[in-house]
Amino acid sequence: MGGFINITAVWFPKWNAEYSFNLLCKVKRVGISEKGKAFLEKSDTAFLNVDGHSAALHKWGSGPKKILFLHGWMSNSQRWLPYAKQLEEDEYTVYALDAPGHGMAKGNHLNVEIYRNALEQSLSIIGSIDTLVCHSLGSLVGSYAYLHSKDIPVKSFVIMGSPSGMDAIFVYFREMLGLSKRAISNLETKINSVLKIHHSEISIAHFFQQVKQPLLVVHEKNDKITPFEPIQRAAEGQALIQTFFTQGQDHNLKGVDTVDKVIQFIKN
């Protein structure tokens, strides 16, 4: 497939860019466990139309403090069950968003702009939230949303297992398929026509430098999916940033101590 993309990059650059972009955005859906289904069935779920794509916004509780959770690529809102269990329903209203192509949302296509639009639509429904908790691609989307509009109604952030930026996604795609410079150039042109800011500006380092709200950064030191070192460097010297770096949890960050740390940050 990489060879095919590299050949068409020269002769049919516009078609090539569309093909590569659609391939990059195609979702391989993962299932929901029985426990996850029971958790989601207890929620009030609203289905959103996001520029022709489906998203699902789940809601538990009715408390005055509002929390919104964003999952990562090939994940869904069931991952937030351990967190929701520790947030009292009379004190917190907990929301979790299934991005297009994930969880209970329909479709098989997602990119960071579609996800940002789904987040923006969710915030228009919820209003101001006390903490936005994000994992993996969701962390990049939360950062992108802030970089695009700094008046986003979020009082604090939790960024977990984040990619270092859009450039890291280009590197992964290029190395996976062995893409040529011409093929990557075509893809960059297409992506920049979709995004609201240039892809090079969408990075965790830029977000950490500009964010004014309290922020907790959680990352696994031996993460094989999203490398630790760029996140560690970006967080150094940032007064508003708290860090919690784990060892032995892998990219999913599902350890009990991680859940407890995030809950402590939310409640404080």
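A salt bridge here is a side-chain nitrogen of Lys or Arg within 4 Å of a carboxyl oxygen of Asp or Glu. Keep in mind that this is a predicted model.

**Charged pairs**

Side chains of opposite charge can pair when their charged atoms come close. In this structure you'll find seven salt bridges.

| Pair | N to O distance |
|---|---|
| Glu18 and Lys190 | 2.9 Å |
| Lys65 and Glu91 | 3.3 Å |
| Glu88 and Lys267 | 3.3 Å |

Start with Glu18 and Lys190, which form a salt bridge. Glu18 sits in helix α2 (residues 13-25) and Lys190 in helix α8 (residues 181-194), so this pair ties together parts that are 172 residues apart in sequence. How covered up are the two partners? Glu18 is partly exposed, with a relative accessible area of 32%, while Lys190 is buried, at 17%.

Next come Lys65 and Glu91, which also make a salt bridge. Lys65 belongs to strand β3 (residues 65-70), and Glu91 is in the loop between α4 (81-84) and β4 (92-98), so parts that lie 26 residues apart in sequence get tied together. Lys65 counts as partly exposed because its relative accessible area is 33%. Glu91 is partly exposed too, with a value of 31%.

Glu88 is partly exposed, with a relative accessible area of 34%, and Lys267 is partly exposed at 36%.

**A closer look at helix α5**

At 1.5 Å a residue, its 15 residues should span 21 Å, and the end C-alpha atoms are 21 Å apart, which agrees.

Is α5 enclosed or out in the open? Of its 15 residues, 11 are buried, so α5 is largely enclosed by the rest of the structure. Among the buried residues are Ile114, Tyr115, Leu119 and Leu123.

The N-terminal end of α5 has a cap: a side-chain oxygen of Asn111 lies 2.9 Å from the backbone nitrogen of Glu113. Just after α5, Gly127 takes a positive phi of about 90°.

Glu113, Arg116 and Glu120 are linked in a network of salt bridges. An α-helix has 3.6 residues a turn, so residues three or four places apart point the same way.

Arg116 has another partner, as its side chain is joined to that of Asn117 by a polar contact of 3.0 Å. Asn117 lies in α5 (residues 112-126). Asn117 counts as buried because its relative accessibility is 15%, and the cut-off for buried is under 20%. Leaving aside neighbours within four places in sequence, Asn117 is in contact with Val50 and Asp51.

Finally, which residues make the nonpolar surface patch? Phe4, Ile7, Val10, Trp11, Phe12 and Trp15 do, covering about 720 Å². Helix α1 (residues 2-11) gives the largest share of the patch, with four residues. Trp11 lies in α1, and it counts as exposed because its relative accessibility is 66%.

Methods. Residues numbered from 1 in each chain as written. Predicted model: local features only at pLDDT ≥ 70, side-chain atom pairs only at ≥ 80, totals over all residues. Heavy atoms only, no water. Helix = DSSP H or I, 4+ residues; strand = E, 2+ residues; numbered from the N terminus. Buried < 20%, exposed > 50% of the residue type's maximum accessible area, 1.4 Å probe, protein only. Polar contact = N/O pair within 3.5 Å; in protein donor to acceptor, adjacent residues only side chain to side chain. Contact = heavy atoms within 4.5 Å. Patch = residues over 30% accessible without salt bridge, like charges linked within 9 Å, V, L, I, M, F, W, Y side chains within 5 Å. Areas by Shrake-Rupley, 256 points an atom, 1.4 Å probe, with all protein chains shown as cover. Expected span 1.5 Å × (residues − 1).
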